[in-house]
Amino acid sequence: MRAVSVQSMILELMRYNAWDQQEFAKHFGCDPAQVSRWLAGKATPRGNFCITLKEKYDELPEKFA
């Protein structure tokens, strides 16, 4: 299994679900500005968010992710 960056997981989930940053934030219960910081590499999500993000990413069809 290859290592996947947080940014890549977020972008793949957004692309698969046709979400913008606002919609992603709504579905994950976080601030859209925080999503922007994660995507820019200016911050890293912590704790339960990382676990939830990885679980949702792992649910993507393999040929998509």
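This is a predicted model: local features need pLDDT of at least 70, side-chain atom pairs count only at pLDDT 80 or more; totals for chains, interfaces and linings use all residues.
**Cysteines**

I looked up Cys50 and asked which cysteine sulfur is closest to its own. The closest one sits in Cys30, 11 Å away, which is too far for a bond. I then started from Cys30 and landed back on Cys50, again at 11 Å and again too far. How many disulfides does the structure hold, then? I noted 0. A disulfide is a covalent bond between the sulfur atoms of two cysteines, and with the sulfurs of Cys30 and Cys50 at 11 Å, that bond is out of reach in this model. While I was there, I checked cover on Cys50: its relative accessibility is 28%, so I logged Cys50 as partly exposed.

**Overall fold**

Next I went through secondary structure. I count 4 helices and 0 strands in the chain, and reading along the sequence gives α-α-α-α. The radius of gyration of the chain is 11 Å, close to the 11 Å that the globule rule gives for 65 residues, so I wrote the chain down as being as compact as a globular protein of that length. For dimensions, I have the C-alpha trace spanning about 30 × 25 × 20 Å along its principal axes.

How much of the chain is buried? Buried residues come to 25% of the 65. The accessible surface of the chain is about 4,500 Å², and carbon and sulfur atoms own 49% of that. On charges, I have 9 positive and 8 negative, and their mean positions lie 5 Å apart.

I stopped at Leu11, which lies in helix 1. Leu11 counts as partly exposed, at 47% relative accessibility.

Is Tyr16 buried or partly exposed? Its relative accessible area is 41%, so partly exposed it is. From Tyr16 I went across to Ala43, 27 residues apart in sequence, and got 23 Å from C-alpha to C-alpha.

Most residues other than glycine have a negative phi, yet phi of Ala18 is near 55°, a positive value. Where does Ala18 lie? I found Ala18 in the loop between helix 1 (6-17) and helix 2 (21-28). Ala18 is exposed as well, with a relative accessible area of 63%.

**The loop between helix 2 and helix 3**

My last stop was Gly29, in the loop that links helix 2 to helix 3 (32-40). Gly29 has a relative accessible area of 67%, so I marked Gly29 as exposed. How far is Gly29 from Phe49, C-alpha to C-alpha? I have 9.3 Å for that pair, which is 20 residues apart along the chain.

Notes
Residues are numbered from 1 along each chain as its sequence is written. Side-chain values use heavy atoms; hydrogens and water are left out. A disulfide is a pair of cysteine sulfur atoms within 2.5 Å. Buried means under 20% relative accessible area, exposed over 50%, partly exposed in between (1.4 Å probe, protein chains only). Helices (H or I, at least four residues) and strands (E, at least two) are DSSP runs, numbered from the N terminus. The radius of gyration is taken over C-alpha atoms; the globule rule is 2.2 Å times the number of residues to the power 0.38. Accessible areas come from the Shrake-Rupley method with a 1.4 Å probe; for residues, only the protein chains shown count as cover. Lys and Arg count as positive and Asp and Glu as negative; His and the chain ends are not counted. The place of a charge is taken as NZ of Lys, CZ of Arg, CG of Asp or CD of Glu.
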